[in-house]
Amino acid sequence: MAVGARSGHDGPEDRADGARGENVTEENNSGGGTSSPGDEPERADETGETGAQPKKQRSFWKELPLLIGIALILALLIKTFLVQAFSIPSESMMNTLKKGDRVLVDKLTPWFGSEPERGEVVVFHDPGGWLETAQTPAPNAIQKFLSFIGLMPSAEEKDLIKRVIAVGGDTVSCKEGGKVVLNGKELDETAYLFPGSLPCQDSFGPVKVPEGRIWVMGDNRQNSLDSRFHQELPGGGTIANDQVVGRAVVVAWPVTRWATLPVPDVFDQPGLAPAAATALPAAAPAALGFAGALPLVLWRRRKRTPRHTAE
């Protein structure tokens, strides 16, 4: 075949020089031969795919359903494990959040054991009895589908959004017209309360928050049916941690309202943690040090014992 490609005809001389033709082909492939006009067809056939047709690229319209399917699967995974969009339906969190805002909620960290902390804005499922009178519009099929994959806030789920004021082990109270008191410390909430809103219009507490639960309040205190108004329900107005969907971390829409939702500095003041919680970290390093040193001591004793026996 290499001879035919080089000579351009099937004469006796070409067939007799078959071995020589193969040697020339090997030299050209290794880069040692010289080129000539008669060698051009041979260079065209160096790939060994003479006559092969180039593979046709798939049509964009044939690949489009696959791309859409992958995008939908990714959106569903993101909604399930990473972040989800929620719409603010009321004015209970003004001015931090306004009615119609869209927030993104972190759903990843709870998978790693993270629990709600004081000062965080969280979304949680209705524990029962909080939204009995709330009317939710019936969504159409498109809204249901977009909500399912996380591209649109859910219109059917009864979720609420409030700020965590106290966590398990905390004691919270408030006297009419005064400030909220958390573990004996008054909270200066001017950084996030709605202007003109009183920290506490009616007295409540003191309430000892059970372990594994949280006490929540709205930033617009006079327009928020929060933990204060559901103390007659099971849990005494507190929310179980496993009912929390996640922490709202950013206002994503409208763009003019874009903002992060950090924990206010007031929740970082010293002495805010309850006595039991402050004693635990103080004892923990000693306990961990003892636990780490014990295997080392036992190992050294076992290493010394054979030496004394040998002596």
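**Group meeting: cores, rings and a surface patch**

Okay, let's start at Leu187. Leaving aside residues up to four places away in sequence, Leu187 touches Ile165, Lys179, Val180, Leu182, Val266, Phe267, Gln269 and Leu272. Keep in mind that this is a predicted model.

So where does Leu187 sit? It's among the residues with the most contacts inside the largest nonpolar core, along with Ile165, Val172, Val180, Phe204, Trp215 and Phe267.

Now the rings. How many aromatic pairs does the structure hold? Three. One of them is Phe124 with Trp130, an edge-to-face pair at 5.6 Å centre to centre, with 85 degrees between the planes. Phe124 is buried, at 0% relative accessibility, and Trp130 counts as buried too, at 8%.

Then there's Tyr192 with Phe267: the ring centres are 6.2 Å apart and the planes sit at 20 degrees, so this pair is stacked. Tyr192 is in the loop between strand E7 (185-186) and E8, while Phe267 is in the loop between strand E12 (259-260) and helix H7 (275-310), so the pair ties together parts 75 residues apart in sequence. Tyr192 and Phe267 are both buried.

Last stop, the surface. Phe60, Trp61 and Leu67 make a nonpolar patch of about 390 Å². Trp61 belongs to helix H5 (residues 60-81), and this Trp61 is exposed, with a relative accessible area of 65%.

Conventions:
Residues are numbered from 1 along each chain as its sequence is written. This is a predicted model: local features need pLDDT of at least 70, side-chain atom pairs count only at pLDDT 80 or more; totals for chains, interfaces and linings use all residues. Side-chain values use heavy atoms; hydrogens and water are left out. Patches are made of residues with over 30% relative accessible area and no salt bridge: like charges are joined within 9 Å, nonpolar side chains (Val, Leu, Ile, Met, Phe, Trp, Tyr) within 5 Å. Accessible areas come from the Shrake-Rupley method with a 1.4 Å probe; for residues, only the protein chains shown count as cover. A salt bridge is a side-chain nitrogen of Lys or Arg within 4 Å of a carboxyl oxygen of Asp or Glu. Helices (H or I, at least four residues) and strands (E, at least two) are DSSP runs, numbered from the N terminus. Buried means under 20% relative accessible area, exposed over 50%, partly exposed in between (1.4 Å probe, protein chains only). A nonpolar core is a set of buried Ala, Val, Leu, Ile, Met, Phe, Trp, Tyr and Cys residues joined through side-chain atoms within 4.5 Å. Contact means heavy atoms within 4.5 Å. Rings of Phe, Tyr and Trp (its six-membered ring) pair if their centres lie within 6.5 Å; planes under 30 degrees apart count as stacked, over 60 as edge-to-face and the rest as tilted.
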